[in-house]
Amino acid sequence: MREHSAVLCDEFRQELIRDGVPSDPEARMKPLTGGGSSDIYLVEDRGRRMVVKRALTRQHVKDVWLADVSRKGVELRCLEFVGSILPDAVPAIIISRPDRNYFAMQYMDERLVNYKQMLLAGGGLNRHAEIAGATRSLLHKKT
């Protein structure tokens, strides 16, 4: 399984700096968990926090599992489209570099709770289900 290495993180950090993603060369970049098909980093730049996702050719799984990195463009277009309909439902896109298979988006506050995790923990209220249902209904109507 491929791990986040300090070398890979620093190489990608240098690429981001060349692209002007963090405005400060001293910006902090921390790998985040949960990205089986992407490298995901929290970038802290002069008080601004953003998440950068970079598609991987080889997934973070035990077996060799290869994928087309162009899929990152599909995720990006989806976030942009949903953001045009429901701007509070998805993070805003800060920069996208489809030629380099990454994009940066607004960091969502850590106080937000993942709905799936909430349900698995036995939580969730009727109003959460109503919001999820209304959101999904609107997306179906608009697509």
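## Pocket lining and an aromatic cluster

By class, 18 nonpolar, five polar and five charged residues line the largest pocket. Here Ala, Val, Leu, Ile, Met, Phe, Trp, Tyr, Cys and Pro count as nonpolar, Asp, Glu, Lys and Arg as charged, and the others, Gly among them, as polar. The model is predicted: local features need pLDDT of at least 70, side-chain atom pairs count only at pLDDT 80 or more, and totals for chains, interfaces and linings use all residues. Numbering runs from 1 along each chain as its sequence is written, and side-chain values use heavy atoms, with hydrogens and water left out.

A search of the whole structure finds two aromatic pairs. Rings of Phe, Tyr and Trp (its six-membered ring) pair if their centres lie within 6.5 Å; planes under 30 degrees apart count as stacked, over 60 as edge-to-face and the rest as tilted.

| Pair | Centre to centre | Angle between planes | Class |
|---|---|---|---|
| Phe12, Tyr41 | 5.6 Å | 40 degrees | tilted |
| Phe12, Tyr102 | 5.4 Å | 85 degrees | edge-to-face |

Phe12, Tyr41 and Tyr102 form one aromatic cluster. Phe12 lies in helix α1 and Tyr102 in strand β5, so their pair ties together parts 90 residues apart in sequence. Helices (H or I, at least four residues) and strands (E, at least two) are DSSP runs, numbered from the N terminus.

Phe12 is buried at 0% relative accessibility; Tyr41 is buried at 1%. Buried means under 20% relative accessible area, exposed over 50%, partly exposed in between (1.4 Å probe, protein chains only).
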